[in-house]
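Reader: I'd like to learn how to read pockets in a model. Could you walk me through it?

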Amino acid sequence: MIPSMEREFVDNNHWMSKEEFMDIMVVAQTTPGIFSIDMASHIGYKLKGIRGGIIGAIGIALPSIIAILLIALFFHSFRENHWVASFFRGVRPAVVALIAAPCFSMAKTAHLSRYNFWIPIVSCVLIALLGVSPILIIAAAGISGFIYGKYNIKFKKK
């Protein structure tokens, strides 16, 4: 959903810049809740205030809620079906690709350089291999960014 949102709000309609979209994405990642709903509510709020935020959240959530309810109503009757089980095994790699694609897109706009490219790599290793909570990674990155920003500002003033 995030690449679709970016395409609509940044590329097609030019309602915000890519940097504004990335800033909203960072804030949405740090707020609790479902990421796409957080994104929609933040973008809606930026564009149309409180009413836009509420409508954005409802607009993103409602189709998914309806689809999940319909699937839940009928899933018990066909979950043991060989074809359905095979379908879900086949869909798994596509889901991984759909999750990975926005990561590569975000990396292009994250201003990665030879000085900071290691941050996402270390974060992935800490989460995947060592089981560190993503919340701790986000908190550490936020605190480090704050300290770096404060240091960098003082450095530029001198």
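Author: First, a term: helices here are DSSP runs of at least four residues, numbered from the N terminus. With that, H1 and H3 each give at least two residues to the lining of the second largest pocket. Keep in mind that this is a predicted model.

Reader: How do you find empty space in the first place?

Author: Rolling a probe the size of a water molecule over the atoms shows where empty space is left. In this model, the second largest pocket holds about 180 Å³ of space.

Reader: Which element gives the most to the lining of that second largest pocket?

Author: That's H3, with eight residues. Among the lining residues are Met5, Phe9, Trp15, Ala40 and Lys48. By class, the lining splits into seven nonpolar, three polar and one charged.

Reader: And how much space lies in the largest pocket?

Author: About 2,100 Å³. Its lining takes two or more residues from each of H1, H2, H3, H4, H5 and H6. H4 has the largest share, 10 residues.

Reader: Which residues lie nearest the centre of the largest pocket?

Author: Val26, Gln29, Met106, Ala110 and Pro120, out of 46 lining residues. The classes there are 32 nonpolar, 11 polar and three charged.

Reader: Now a loop. Is histidine 14 buried or exposed?

Author: Exposed counts as over 50% relative accessible area. Histidine 14 is at 60%, so it counts as exposed. It sits in the loop between H1 (2-12) and H2 (18-30). Check its backbone too: histidine 14 has a positive phi of about 55°, although it isn't a glycine.

Technical notes
Residues numbered from 1 in each chain as written. Predicted model: local features only at pLDDT ≥ 70, side-chain atom pairs only at ≥ 80, totals over all residues. Heavy atoms only, no water. Buried < 20%, exposed > 50% of the residue type's maximum accessible area, 1.4 Å probe, protein only. 1 Å grid on protein atoms, 1.4 Å probe; cavity = no way out; pocket = protein on both sides within 12 Å on 5 of 7 lines; lining within 4 Å. Points joined across faces, edges and corners; volume = space filled by probe spheres on them. Nonpolar A, V, L, I, M, F, W, Y, C, P; charged D, E, K, R; others polar.
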